[in-house]
Amino acid sequence: MTIRVLILGGTTEARQLAERLSADKRFDVTVSLAGRTKNPVPHAAKVRIGGFGGAIGLTTYLAESGTDLVVDATHPFAAEISRNAQRASAASGTKLIAIRRPGWEPVKGDRWRRHADVQSAISVIGEKRQNVFVTLGRQELAPLLTAPQHRYVVRSVDPVEPPLDLPDADYVLARGPFDVDAETALMLHHSINVVITKNSGGAASYAKLEAARQLGISVEMIDRPEFAGDAAQTVDATLSMIDHWLDSEANLDV
């Protein structure tokens, strides 16, 4: 029996999970990407680009494709996609498993302030000009326009188009993982004294936090949205959940 799996992707965990499942002949794997990144990293499975049309569209896709299992391996900040997955799974009767890497936690020496959103982070930096290193999604940069007195260094995988209407903004195109030495050099080169970032978790982009700690730079940390439901924290734990589900299904068929 072939088990059709839809992985809602865009993360390292999604890519790793697709590789592991695709190596198992029981699974027919499709990875869905939103299409926001122009040149996504290659995957070991079929890749579908673009949205589904909300929860209703995803429900229709699951039914028409005969999907047996959905794995929500989206970014921790992709709250709307996760909600749509939960609704579509319930409506279609499709098994849903989620994977969420643990968030970062401050350690000794960190100078963090935590925020619910980007606007809150911008508002506490103050009126005095600061050199701000920004690592946010391209769709989340608009609040920077409310504080044009600062100098911004914005890093993204794809270009910010059109550029922000700011008097002093530099753009760095790069894809992680990043190392501490490179992050330290970047911050020193641009005389950074504030970092604005999201609590994405994971190792690929943690180096900027370690560099900020070593340099004594303050970090305005955007907390991730609440996730309703249980989730595995690693790819291995996700595979264990899938095996447990398959065992349960097999027992029901006996």
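How do the residues of the lining of the largest cavity divide into nonpolar, polar and charged? Some friendly notes follow.

1. A word on the model: it is predicted, with local features needing pLDDT of at least 70 and side-chain atom pairs counting only at pLDDT 80 or more, while totals for chains, interfaces and linings use all residues. Residues are numbered from 1 along each chain as its sequence is written, and side-chain values use heavy atoms, with hydrogens and water left out.

2. The lining of the largest cavity has 3 nonpolar, 2 polar and 3 charged residues (Ala, Val, Leu, Ile, Met, Phe, Trp, Tyr, Cys and Pro count as nonpolar, Asp, Glu, Lys and Arg as charged, the others, Gly among them, as polar). They are Thr11, Glu13, Ala73, Thr74, Pro76, Ile99, Arg100 and Arg101. On a 1 Å grid over the protein atoms alone, a cavity is a set of points where a 1.4 Å probe fits but cannot get out, and lining residues have an atom within 4 Å of a point.

3. The volume of this largest cavity is about 50 Å³, a volume being the space filled by probe spheres set on the points, which are joined across faces, edges and corners.

4. The second largest pocket (an open set with protein on both sides within 12 Å along at least five of seven lines) has a volume of about 300 Å³. Of its 16 lining residues, Arg100, Pro225, Glu226, Phe227 and Ala228 are the closest to its centre. That lining divides into 8 nonpolar, 3 polar and 5 charged residues.
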